[in-house]
Each structure stands twice: as structure tokens, then as C-alpha cells.
Amino acid sequence: MRMPLIAGNWKMNGSLSLVEEFGRAFAGVSLPVNVEVALMVPFPYLGAAAQALGETAVMVGAQTLSDRPAGAFTGEVSGAMLRECGARLVLVGHSERRALFGEDDAAVLARVQAALHEGLTPVLCVGETLEEREAGRTEAVVLGQLEAVVEALDATQRPRLIVAYEPVWAIGTGRTATPEQAQAVHAALRARLARHDEALAAGMRLLYGGSMKADNAAELLAQPDIDGGLVGGASLKVDDFLAICQSAG
Ligand code: PGA
């Protein structure tokens with residue numbers, strides 16, 4: 001059985017007071033026992049988030065990491081630093097990193113390897129642009145992004161990955177993939193994983209992201225190959241995020 005994971009991605013948003021608000025809110029509710037929850041916060045808030053959420057079941061994560069372990073790389077943050085500050089997961093290859101910060105498949109793979117090396121769980125993000133979807137290239141794009149990482153990992157590393165399918169045209173646009181569109185891509189991702197190993201495919205969590213909200217989460221999460229969500233905008237409002245977590249149970 002795959003335990004659903006709801007991960008909030010704050011991107012470059014939030015504040016220390018919002019971290020505190022989430023800490024108080026999550027301390028006061030009981031989450032469904034069969035759901036995992038994580039909050040991916042900006043680097044400076046990691047320590048505070050780990051502390052504020054320490055008594056709750058919510059895991060703390062980061063949004064990217066350096067591909068290097070240490071050294072003269074001004075402005076970069078290593079996986080070891082993330083772990084030391086309480087992060088257990090890290091997003092890798094979010095479409096904003098790919099499009100705005102020039103991360104190609106090789107850069108994404110290097111960051112996945114750096115995360116695994118530090119014992120962090122990488123959440124590998126894949127997704128097509130609208131242009132790619134309209135050209136009928138959705139599967140080619142997302143399976144290519146998946147394979148660029150999976151093929152390079154060994155059989156002990158692969159099960160440690162989580163994958164998030166985020167159609168670029170659905171991110172922050174209010175335009176969500178229909179449950180059928182999302183399920184079709186998730187099924188294609190799982191089928192591709194099965195070419196490597198059936199057990200890997202059966203166990204890998206595939207999250208959906210892209211305008212997931214309290215009012216559409218349940219029908220997306222009801223799809224057989226959707227094992228959770230990566231939630232951007234709606235993860236900045238504690239009530240909305242809590243409602244999504246509850247609907248995953
Ligand atoms: P969104 O962002 O929920 O605001 O569309 C999702 C993401 O980019 O992770």
C-alpha cells in the first residue's frame with residue numbers, strides 16, 4: 001500500500017509568523033493516520049519550521065539543494081545543511097527551477113544524487129508545458145524527465161524517490177488537470193517504472209501538483225495512480241492546506 005503524501009510547496013513565500021501559525025494549527029488537529037504531510041519551506045525558515053512542527057506529524061522539506069557537498073559555491077546550500085536544519089525531503093527539478101534557473105536533466109540528476117547521499121528523500125518533479133501537451137508530447141517529455149534520473153540510479157536508490165507530476169500549464173494558473181488527464185500521465189509513469197521493476201512501480205508514490213485545492217483534491221486523490229499532492233498556492237493558507245490533508249485520509 002502506498003501511503004498518500006501531501007506536500008506543501010511555499011516557493012518564495014511565507015514568513016516566520018506563518019511558520020508559527022502552521023505549527024500552532026497542526027499541533028491542534030489530528031491528521032488522518034494513513035496520510036503523510038510535509039511542508040517545503042524557504043531555506044531560512046527550515047530551522048524554525050522543524051521546531052514549530054516538531055511535535056506534529058508534519059515533516060519539513062526544502063525546495064532545492066546544491067549538487068555539491070561543500071566548498072566555494074557562494075549562495076548555494078548543501079544537502080547536509082538541509083538535513084542539519086531538520087529537512088527530511090527536498091524538491092528536485094521543479095519546473096520553476098528548470099525554466100527559470102536553467103536546471104536541465106543532468107543538473108536534476110546530480111541534485112537527486114546529492115540528496116540521496118545525505119539521506120534526504122528527493123521529490124523529483126516532472127511535467128510538460130502547454131505547447132508540449134498540444135503537440136502530443138506529454139508522455140515523451142515526462143517519461144524522458146523520469147528516465148533521466150531513474151536509469152542513472154541503482155536498484156537500492158530508486159525506491160527512495162518520490163515523483164511529482166506537475167503539468168506546467170496547471171501550476172499557479174488555477175487551471176487543474178482533470179482527474180482523467182492526471183491519471184493517464186500517472187499510469188504512464190508507473191508503467192514506465194514497471195519496465196525497471198514491478199515492485200518499484202507498485203511502491204513508488206506519484207504525487208499530482210498544479211492548482212490542487214481543497215475543492216478539487218478529493219477527486220484527484222481518488223484516482224488509482226495518484227498517491228498525494230504537491231500543493232503550491234493552497235499550502236500558504238493553513239485552513240486550505242489542512243482541508244487537503246484531511247481529504248487524503
Ligand atoms: P500551485 O503550485 O498549487 O500553486 O499550482 C504547485 C507547485 O508548483 O508545486
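H1 passes H11 in a right-handed crossing. I am working from a predicted model, and I started with this pair of helices.

**Entry 1: H1 and H11**

I looked up the extent of both helices: H1 covers residues 16-27 and H11 covers residues 238-247. Two packed helices are described by the angle between their axes and the distance between the axes. For H1 and H11 I noted an angle of about 40 degrees, with the axes 10 Å apart.

Which residues of H1 and H11 meet? From H1 I listed Glu21, Phe22, Ala25 and Phe26, and from H11 Val238, Phe241, Leu242 and Cys245. Sorted by class, the contact of H1 with H11 has seven nonpolar residues, one charged and no polar ones.

**Entry 2: H5 and H7**

Next I took H5 (residues 105-117) and H7 (residues 138-150), whose axes lie 9 Å apart at an angle of about 45 degrees. With that angle, H5 is oblique to H7. I recorded the crossing of H5 and H7 as right-handed.

On the H5 side the contact is made by Asp105, Val108, Leu109 and Val112, and on the H7 side by Gly144, Gln145, Ala148 and Val149. I counted these by class: five nonpolar, two polar and one charged.

**Entry 3: H7 and H8**

I stayed with H7 and turned to H8, residues 179-196. The axes of H7 and H8 come within 10 Å and cross at roughly 40 degrees. H7 is therefore oblique to H8. H7 passes H8 in a right-handed crossing.

In H7 I listed Thr138, Glu139, Val142, Leu143, Leu146, Glu147 and Val150. They meet Val185, Ala188, Leu189, Arg192, Leu193 and His196 in H8. The contact of H7 with H8 has eight nonpolar, two polar and three charged residues.

**Entry 4: the largest pocket**

I then looked for open space. Rolling a probe the size of a water molecule over the atoms shows where empty space is left. The volume of the largest pocket came out at about 400 Å³.

Which residues lie nearest the centre of the largest pocket? I found Lys11, Met12, Gln63, Arg97 and Phe101 there, out of 15 lining residues. Helix H4 (residues 95-100) gives the largest share of the lining, three residues. By class I have eight nonpolar, four polar and three charged residues in the lining of the largest pocket.

**Entry 5: positive phi**

Most residues other than glycine have a negative phi, and most peptide bonds are trans. Phi of Lys11 is near 50 degrees, a positive value in a residue other than glycine. I placed Lys11 in the loop between strand E1 (5-9) and H1.

I also noted Ser211, where phi is near 55 degrees, a positive value in a residue that is not glycine. Where does Ser211 lie? I found Ser211 in the loop between strand E7 (206-209) and helix H10 (217-221).

Conventions
Residues are numbered from 1 along each chain as its sequence is written. This is a predicted model: local features need pLDDT of at least 70, side-chain atom pairs count only at pLDDT 80 or more; totals for chains, interfaces and linings use all residues. Side-chain values use heavy atoms; hydrogens and water are left out. Axes are lines fitted to C-alpha atoms, for helices over the stretch in contact, and angles run from 0 to 180 degrees between N-to-C directions. Helices (H or I, at least four residues) and strands (E, at least two) are DSSP runs, numbered from the N terminus. A crossing is left-handed if the near helix is turned anticlockwise from the far one by less than a right angle, and right-handed if clockwise. Contact means heavy atoms within 4.5 Å. Ala, Val, Leu, Ile, Met, Phe, Trp, Tyr, Cys and Pro count as nonpolar, Asp, Glu, Lys and Arg as charged, and the others, Gly among them, as polar. On a 1 Å grid over the protein atoms alone, a cavity is a set of points where a 1.4 Å probe fits but cannot get out, and a pocket is an open set with protein on both sides within 12 Å along at least five of seven lines; lining residues have an atom within 4 Å of a point. Grid points are joined across faces, edges and corners, and a volume is the space filled by probe spheres set on the points. Angles under 35 degrees count as roughly parallel, over 145 as roughly antiparallel, 65 to 115 as roughly perpendicular and the rest as oblique.
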